[in-house]
Amino acid sequence: MKALRNYLDKIKPNFEEGGKLAMFRSVFEGFETFLFVPNTTSKSGVHIHDSIDSKRTMTVVIIALLPALLFGMYNVGYQHNLAVGINPGFWMTFIFGFLAVLPKIIVSYVVGLGIEFTVAQYKKEEIQEGFLVSGMLIPMIVPVDTPLWMIAVATAFAVIFAKEVFGGTGYNIFNVALVTRAFLFFAYPAAMSGDQVFVRTSDTFGIGAADGVVDGFTGATPLGQIAVAGKELIGNFHVTDVTGKVISTMDYFVGLIPGSIGETSVIAILIGAAILLFTGIASWKTMGSVFVGGAVVAAIFNMIGTTVVMTVSPADHLFLGGFAFGAVFMATDPVTSARTETGKYIYGFLVGAMAIIIRALNPGYPEGMMLAILLMNVFAPLIDYYVVEANVTRRLKRAIK
């Protein structure tokens, strides 16, 4: 690392004002501060200095995402194998998924970071590092067969209109990755739903070639199957995998089921949650409240039970779809969520509650988590405002006494 540091110091003058590569100063600073913690410190005043900055924070989040990402890659290959009726082994299964997911990650980063680099150069500012996480989240929350050009268009839209127009990282009111997903859902609904988009049946990479798919194939997600189930199936409905085998609650928890790339395995997501909580990056108050809110509302709907989705148990609701992923990695976004300690409880509870309400009452959109978080992004500042006002009022009353 010392040799790399020396090399960067050697070429740095070329990127400073007056250097022959000065026009790429922001790009150089972005890479330099990503590799090394800046050694510049304040010259006056009282400040606390440590090695944690936004880039280090983003790096921890990416590490926390890796278990879900790696499992998602394997699950892509696993669902493919089930659909075509083959079993090429663990590594070939993983490689298939890896090759299917990698292009989406590349497209997400190239488009998103390309826009951020361009904006930083134009404004002559440092490159903002918020997209380090968003660029990883975007390919994890889309179906595996989402066309790359759609991801590129949606990513560009989200970075420009949900982030840069607000001033960049730290100023956006909406989660950038979720805006990308929302744009895809409303602009290209056919590519975001149905039986085919969540399971790749074609062998694009020549790994485990097979003829066609097994009889009775359905690649619909569990939530998709539940949403279209008729009332006559209440009490006698079972979610099935791509081969028609009944899927259990434990299957939901493990995650070998159809779904968006990084959202299926609750185990992998909880590993990421442990990393975020241990490092203090995410708030346990927000994260825990999302699960509590979802469980409470699901239990209330269980009492009503007029549709199949209302009869789904609270545990299944928390394990299915993007609920756990959203609770751990999206709702806890420090920029777009509530910031007051009491507000975090309220914000998280309402996110979980709203997600289940949308699932139960809107059969046209069985997921719910994306819209719930985006909706609460709007109300997060209002929640914080009233929490602060309540604190001020309480202290004034105490002072008067």
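Analyst: We will take each feature in turn, with the general idea before the case. This is a predicted model, in which local features need pLDDT of at least 70, side-chain atom pairs count only at pLDDT 80 or more, and totals for chains, interfaces and linings use all residues. Residues are numbered from 1 along each chain as its sequence is written, and side-chain values use heavy atoms, with hydrogens and water left out.

User: At what angle do helix 11 and helix 14 pack, and how far apart are their axes?

Analyst: Two packed helices are described by the angle between their axes and the distance between the axes. Axes are lines fitted to C-alpha atoms, for helices over the stretch in contact, with angles running from 0 to 180 degrees between N-to-C directions; helices are DSSP runs (H or I, at least four residues) numbered from the N terminus. Here helix 11 (residues 284–304) and helix 14 (residues 341–361) pack at about 35 degrees with their axes 7 Å apart. The residues of this contact divide into 16 nonpolar, six polar and three charged, where Ala, Val, Leu, Ile, Met, Phe, Trp, Tyr, Cys and Pro count as nonpolar, Asp, Glu, Lys and Arg as charged, and the others, Gly among them, as polar.

User: How many aromatic pairs does the structure hold?

Analyst: A pair of aromatic rings is described by the distance of the centres and the angle of the planes. Rings of Phe, Tyr and Trp (its six-membered ring) pair if their centres lie within 6.5 Å, and planes under 30 degrees apart count as stacked, over 60 as edge-to-face and the rest as tilted. The structure holds 16 such pairs, including Tyr 109 with Phe 131, which is edge-to-face at 6.2 Å centre to centre and 85 degrees between the planes. Because Tyr 109 lies in helix 4 (residues 90–123) and Phe 131 in helix 5 (residues 131–140), the pair ties together parts that are 22 residues apart in sequence. Tyr 74, Tyr 78, Phe 90, Trp 91, Phe 94 and Phe 98 form one aromatic cluster.

User: Are Tyr 109 and Phe 131 buried or exposed?

Analyst: Buried means under 20% relative accessible area, exposed over 50%, and partly exposed in between (1.4 Å probe, protein chains only). Tyr 109 is buried at 17%, and Phe 131 is buried at 0%. Eight of the eight residues of helix 13 are buried, so helix 13 is largely enclosed by the rest of the structure.

User: What volume does the largest cavity have, and which residues lie nearest its centre?

Analyst: On a 1 Å grid over the protein atoms alone, a cavity is a set of points where a 1.4 Å probe fits but cannot get out, and lining residues have an atom within 4 Å of a point; a volume is the space filled by probe spheres set on the points, with grid points joined across faces, edges and corners. The largest cavity has a volume of about 120 Å³ and is lined by 13 residues, of which Leu 178, Glu 263, Gly 322, Met 369 and Met 370 lie nearest its centre. Helix 7 (176–187), helix 13 (323–330) and helix 15 (369–400) each supply at least two residues of this lining, which divides into eight nonpolar, two polar and three charged. About 60 Å³ of space lies in the second largest cavity, whose lining has three nonpolar, one polar and five charged residues.

Notes. 1 Å grid on protein atoms, 1.4 Å probe; cavity = no way out; pocket = protein on both sides within 12 Å on 5 of 7 lines; lining within 4 Å.
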